[in-house]
Amino acid sequence: MDSPLGIKERALAIATRLVAVLLVPIAFCRAPGRARFLACQWALGMRFPAEDLHGLAPETLTAFTHARAEAFWRDGQLIGLTSGHRDAAHQHRIFIEEVRRTGSVAAARRRVLPPEESGHVRGLALDVRPTEGARWLERHGGRYGLYRVYDNEWWHFEYRTVEPVRLPHPDAAARPSEHGAAYGLRPIHGHGSRHDEPRLDVVDDGRPPRYADPRTRP
């Protein structure tokens, strides 16, 4: 039996498609050759009002908006943006929050990268929803240069000119380094433990970490 949440999501999806169809004539008046494309973007903007496309690199923005227009009109699949571009200060705050949550830099880097390494800061990374939309993008996004890059982040895609090798988690591409020293973490003397060692009680359940603002998911 369908859950109330599932029923609500389907109802919203149906309503969004209906709105897009109704918007096509208006979009045609504005841009005859791009009416369906514009109507799709407007409808998805209403369905996902918190999404912010500003700051994405031009090639990323073009790839994402055209990919989700195809998903929408061809397969009836909605794709919304949870988080796109972040400035360096914002990314740094998210990273430090994850360090505090997990208890170590190493554990944090499996879910969030510091600003100098983050595709979000460069405007090349996208966190999308819902899961069905992410599945569509994983299957078809390569035609637009959009690829899922981490095994443990179903929601995270990046614009690439060449298909990348899928990594198990964000930290897998990092060079060996003293991660903790770069963020002011120091060894804890006694019992041989360190702040920058992974905690054994941290559970990676494959879900986006929970933050107060849903747009700040890494």
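## Overall architecture

The protein chain contains 7 helices and 4 strands, where helices (H or I, at least four residues) and strands (E, at least two) are DSSP runs numbered from the N terminus. Followed along the sequence, these elements come in the pattern α-α-α-β-α-α-β-α-β-β-α. This is a predicted model, in which local features need pLDDT of at least 70 and side-chain atom pairs count only at pLDDT 80 or more, while totals for chains, interfaces and linings use all residues. Residues are numbered from 1 along each chain as its sequence is written, and side-chain values use heavy atoms, with hydrogens and water left out.

Of the 218 residues in the protein chain, 44% are buried; buried means under 20% relative accessible area, exposed means over 50%, and partly exposed lies in between (1.4 Å probe, protein chains only). Among the contacts with a separation of 6 or more, 64% are made by residues 24 or more positions apart, a contact being heavy atoms within 4.5 Å.

## Confidence in the model

The average pLDDT of the protein chain is 84, and 79% of the residues score at least 70; pLDDT is the predictor's confidence in each residue, on a scale from 0 to 100. Over residues 176-217 the pLDDT is below 50, although this stretch has 72 contacts in the model beyond near neighbours in sequence.

## Helices α2 and α3

Two packed helices are described by the angle between their axes and the distance between the axes. For helix α2 (residues 35-47) and helix α3 (residues 58-75), the axes come within 9 Å and cross at roughly 90 degrees; here the axes are lines fitted to C-alpha atoms, for helices over the stretch in contact, and angles run from 0 to 180 degrees between N-to-C directions. Helix α2 is therefore roughly perpendicular to α3, given that angles of 65 to 115 degrees count as roughly perpendicular, under 35 as roughly parallel, over 145 as roughly antiparallel and the rest as oblique.

On the α2 side, the contact involves Arg36, Phe37, Ala39, Cys40, Gln41 and Leu44, which meet Thr65, His66, Arg68, Ala69, Phe72 and Trp73 in α3. These residues divide into 7 nonpolar, 3 polar and 2 charged, where Ala, Val, Leu, Ile, Met, Phe, Trp, Tyr, Cys and Pro count as nonpolar, Asp, Glu, Lys and Arg as charged, and the others, Gly among them, as polar.

## Helix α1 and the cysteines

Ala20 lies in helix α1 (residues 4-30) and is buried, with a relative accessible area of 0%. Not counting residues up to four places away in sequence, Ala20 touches Ala39, Ala43, Phe72 and Trp73. Ala20 and Ala43 are 23 residues apart in sequence, and their C-alpha atoms are 5.2 Å apart in space.

Cys29 is exposed, with a relative accessible area of 69%, whereas Cys40 is buried, with a value of 0%. A search of the whole structure finds 0 disulfides, a disulfide being a pair of cysteine sulfur atoms within 2.5 Å.

Gly84 is placed in the loop between β1 (80-83) and α4 (88-102), and at 4% relative accessibility Gly84 counts as buried. Beyond residues up to four places away in sequence, Gly84 touches Leu56, His120 and Ala125, and its C-alpha atom is separated by 6.8 Å from that of Gly123, 39 residues apart along the chain.

Another glycine, Gly76, sits in the loop between α3 and β1, where it touches Arg17 and Ala71, again not counting residues up to four places away in sequence.

## Strand β3

Tyr147 is found in strand β3 (residues 146-148) and, at 15% relative accessibility, counts as buried. Leaving aside neighbours within four places in sequence, Tyr147 is in contact with several residues, including Gly142, His156, Phe157 and Pro164. Tyr147 and Val165 are 18 residues apart in sequence and 9.6 Å apart in space, C-alpha to C-alpha.
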